[in-house]
Amino acid sequence: MRIPFDNSYAALPDGFSTPLNPTPVKTPQVLAFNDGLAKVLGIEVGDLAEVAQVFSGNQIPNGAAPLAQLYAGHQFGNFNPQLGDGRAILLGEVIDKNGTRRDIQLKGSGPTPYSRSGDGRAWVGPVLREYVVSEAMHALGIPTTRALAAVSTGEPIFREQGALPGAILTRVAQSHLRVGTFQVFAHRGQTENLKTLTDYAIKRHYPDAKDAMDLLRAVCAAQAELVAAWMSVGFIHGVMNTDNCSIAGETIDYGPCAFMDAFHSGRVFSSIDQQGRYAFGNQPNIVIWNMAQLATSLLQQMDDKDAAVEQATEIVHAMPAQVEAAWLRRFAPKIGISDPQPDDVALIENLLNLMQTDGADFTNTFRALATATPQDQFTNRDAFQGWAEIWQQRIAKEPDPPGLMNATNPAVIPRNHRVEQMIEAAVAGDMAPFERLMKALSTPFNGTDTDLHRPPTQSEIVPATFCGT
Ligand code: AMP
Ligand code: MG
């Protein structure tokens, strides 16, 4: 296999990462491989046996410079001074066909100096969940890491549920720089490293930025767009810790994430999120909180601290309006509006309130707006009709509401119960549900596999998701 590596992170100073090879596994077998993405990355693939060897970490391809990255992070609001890649190894970077530098990382590839008490491994369930959900996110047009390969290891992993089949995900990202990467150097008072990292992040992601405050501004803008995009498809990330918050503005670290079925702004899936910190409707607040942590870290390198504090405060304070603007830009076309006005916020919120009261399905309700019978999504049809009259007046002069709505309201999303059914089948050796989901999710705006559009029945409902480990 030829991977055109062009590594830059490995050339950063010693304190940034630890060079380290993946731990070999017993009998790697390919569960899934993303040929389309491999082409974009310029990877020349051999046979499946070789794919299994390379993307299990058993065979290190020429030009790779494997390493585990250091970072810190706030987990559920509490600062953890040292995290780092505890079960991931960056193989290296390539410049893809579009000229974008991309990390190729193995996740579940064995212990590292940052593993703490963890085993450095992952099991098939979270690996395939991340594969399906990240690729679905990409097809929805939302910035995200991608999935290149999923390989089973032939080794058991021991978790609360008992022995589970091990697997490794190959993840592709614009980078794995996180808010936590800045936090670790700021916390340690390593100003030189902090400056080096700032320059590196600017050069790699925001080449127009002139200094740390410009970088902050750019990341805030990207994160505001991202959270609005998530909300527009009913996505709940689940673990928005600062170590899971990408500087490039991509969705990263899919753990106990989920797309909502019935809409409720307080919805939480993650079994470990007892306080609802990362509930659906709280995601904008958390993004802003995370950006405040980034600001705090970046400030440590500024010469004129007072001026910088003032500037950083202004940037972070501008975020609520930024998120709201992004939210309106994402939601307005979902109800057929091409030129959003401030008043439209209330119109959209009124619909969401009706959906919440009624327990209406998020995806299907929006999708039904372009049909003749959207009221069928509600038990209280009169309440919906009241809203619909005002809505019809608003969109009367719009050129093509159905076209706009069908291009922005997906017919199919990776519903939780389907993802769980897919995992159960995969563990039993049946990859057909995985293939079926991947096929449908690749064209989410014109779904033909209508059984995948259906919300879960009472017995299919998955009330909670468990952490990615
Ligand atoms: P996550 O919640 O998946 O973002 O992980 C938080 C931190 O725990 C990261 O530093 C991970 O690398 C680490 N971690 C998670 N699972 C494991 C594991 N099984 N073994 C070692 N480290 C882990
Ligand atoms: Mg993480």
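1. A crossing of two helices is left-handed if the near helix is turned anticlockwise from the far one by less than a right angle, and right-handed if clockwise. By that rule α4 passes α5 in a left-handed crossing. This is a predicted model, in which local features need pLDDT of at least 70 and side-chain atom pairs count only at pLDDT 80 or more, while totals for chains, interfaces and linings use all residues. Residues are numbered from 1 along each chain as its sequence is written, chains are lettered from A and ligands numbered from 1 in the order in which they are written, and side-chain values use heavy atoms, with hydrogens and water left out.

2. Helices α4 (residues 179–188) and α5 (residues 191–205) pack at about 160°, their axes 9 Å apart. Helices here are DSSP runs (H or I, at least four residues), numbered from the N terminus; axes are lines fitted to C-alpha atoms over the stretch in contact, and angles run from 0 to 180 degrees between N-to-C directions. α4 and α5 are therefore roughly antiparallel (over 145 degrees). The contact (heavy atoms within 4.5 Å) includes Phe182 and Phe185 of α4 and Leu194 and Leu197 of α5.

3. Helix α6 (residues 212–232) packs against helix α9 (residues 319–331) at about 40°, with axes 8 Å apart. α6 passes α9 in a right-handed crossing.

4. The magnesium ion (ligand 2) has Asn244 (OD1) and Asp253 (OD) as protein donors, 1.9 to 2.2 Å from it. Donors are N, O and S atoms within 2.8 Å of the metal (3.2 Å for Na, K and Ca); water is not among the atoms, so the site may look incomplete. Asn244 is buried at 13% relative accessible area, and Asp253 is buried at 13%; buried means under 20% (1.4 Å probe, protein chains only).

Technical notes. Helices (H or I, at least four residues) and strands (E, at least two) are DSSP runs, numbered from the N terminus. Buried means under 20% relative accessible area, exposed over 50%, partly exposed in between (1.4 Å probe, protein chains only). Angles under 35 degrees count as roughly parallel, over 145 as roughly antiparallel, 65 to 115 as roughly perpendicular and the rest as oblique.
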